[in-house]
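Here is a short briefing on one protein chain. Keep the structure open while you read, and find each part as it is named.

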Amino acid sequence: MTSPKSIDTKSLARDLRTGNRAALARAITLVESRRADHQALARELVQMLLPDTGKAVRVGITGSPGVGKSTTIDALGTYLIEQGNKVAVLAVDPSSARSGGSILGDKTRMARLAASDRAFIRPSPSSGTLGGVAAKTREAMLLCEAAGFDVVLVETVGIGQSETAVSDMTDFFLALMLPGGGDELQGIKKGLVELADMIAINKADGDNLKRANITAADYRGALHILSPRSEHWHPPVETYSALTGDGIAKIWQKILDHRKAMNASGDFAARRRDQQVKWMWSMLEQRMLARLRSEASVRTKVRKIEAEVAEGHLTPALAAERILELLQ
């Protein structure tokens, strides 16, 4: 990373607004940096670009490994580019701190998208915590919007808390499923389905077509007993094939229908406002934890308090109170 003195945020913002891909990559690298001076510059840059953000369609995409997320994103992204859009793909992967994540391998399965100059694919940083990854992805999303991308697809590995994190930063949350019988439906994650604005059954082609239609009917039945996120939108269940492209246009149309319904009811603006507030609290928690870990004098006192708790001399509740006092 370039030294802070040589980073001109005004110049970087100007280049980024023109859609300069190198400037966008540099800006995201700045946002991802853990250095305090870089973080200060990143905050300045994002604030500067804020008026240029918020216009893109933000879509979260989840699904268990093997469901075909990468192939789906490649097919959907290619379709969107053919319709005249610019598409950015970002990833939220809580495993990235341990394994380097999956998106780098995924890029090879997004061959058409990766080759297009109207697409931008970016892995999530290895921040060590899901909250850190999610925060950096939010900022990367704003930078992509400022650079003129019309659609931002945010991919999650589909494991637990990452789904909530992605639904909290996108306008539409798409859950991908595989064709399967009753046994697979038994294992349905209620939390995931409650978050989803749409369920799409992949691999609805060839011999799988009949099974995909049966699975879709089963999910429609399951959704009837769950409360939708909004009274103005009841999540549809569709079938498609990422391999052949059948149904991809229908998925995009549902996303546009949802945006229209949410705008008409006022839910769209309300969801965006709610996301901003959640983002603020997430950032505050991270900044507080960063202070506890980075300031030497505070870190020494925290370790002493930790030892007292471990030895049973201090209750966790009182210890938490003392740590809070260190931040004042």
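Start with a pairing: β1 and strand β5 (residues 172-177) run parallel and are joined by four bridges. Strands here are DSSP runs (E, at least two residues), helices are runs of H or I with at least four residues, and both are numbered from the N terminus. Two strands count as paired if DSSP finds at least two bridges between them.

This is a predicted model, in which local features need pLDDT of at least 70 and side-chain atom pairs count only at pLDDT 80 or more, while totals for chains, interfaces and linings use all residues. Residues are numbered from 1 along each chain as its sequence is written, and side-chain values use heavy atoms, with hydrogens and water left out.

**The whole chain**

- The protein chain has 16 helices and seven strands.
- Of its 328 residues, 48% count as buried. Buried means under 20% relative accessible area, exposed means over 50%, and partly exposed lies in between (1.4 Å probe, protein chains only).
- The chain exposes about 16,100 Å², and carbon and sulfur atoms supply 54% of that area. Accessible areas come from the Shrake-Rupley method with a 1.4 Å probe; for residues, only the protein chains shown count as cover.
- Take the contacts between residues at least 6 apart in sequence: 76% of them join residues at least 24 apart. Contact means heavy atoms within 4.5 Å.

- Strand β1 covers residues 57-62, and six of its six residues are buried.
- Both faces of β1 are covered: V57, V59 and I61 lie on one side, with R58, G60 and T62 on the other.
- Strand β2 (residues 87-92) is largely enclosed by the rest of the structure, because six of its six residues are buried.
- One side of β2 holds V87, V89 and A91, the other holds A88, L90 and V92, and both faces are covered.
- β2 and β4 pair in the parallel sense over six bridges. V92 has T156 of β4 as its bridge partner.
- Four bridges join β2 to strand β3 (residues 119-122), and the two run parallel. L90 has R122 of β3 as its bridge partner.

**Helix α14**

- Helix α14 (residues 267-294) has 28 residues. From first C-alpha to last, α14 reaches 40 Å, close to the 40 Å expected at 1.5 Å a residue. The expected span is 1.5 Å times one less than the number of residues.
- Buried residues in α14 are F268, R271, R272, Q275, W279, S282 and L292.
- V277, M280, W281, L284, M288 and L324 make a nonpolar surface patch of about 550 Å². α14 gives the most to this patch, with five residues.
- Patches use residues with over 30% relative accessible area and no salt bridge; like charges are joined within 9 Å, and nonpolar side chains (Val, Leu, Ile, Met, Phe, Trp, Tyr) within 5 Å.
- L284 is found in α14. Its relative accessibility is 38%, so L284 counts as partly exposed.

**Salt bridges**

- The structure holds 13 salt bridges. Each is a side-chain nitrogen of Lys or Arg within 4 Å of a carboxyl oxygen of Asp or Glu.
- D168 and K278 meet through their side chains in a salt bridge (3.1 Å, N to O). D168 lies in the loop between α9 (161-167) and β5, and K278 in helix α14, so the pair ties together parts that are 110 residues apart in sequence.
- D197 and R271 form another salt bridge (3.4 Å, N to O). D197 lies in the loop between α11 (190-195) and β6, and R271 in helix α14, so this pair ties together parts that are 74 residues apart in sequence.
- D197 is buried, with a relative accessible area of 2%. R271 is buried too, at 16%.

**Strand β7**

- E238 sits in strand β7 (residues 237-239). E238 counts as buried because its relative accessibility is 13%.
- Leaving aside neighbours within four places in sequence, E238 is in contact with M198, I199, A200, I201, K250 and K254.
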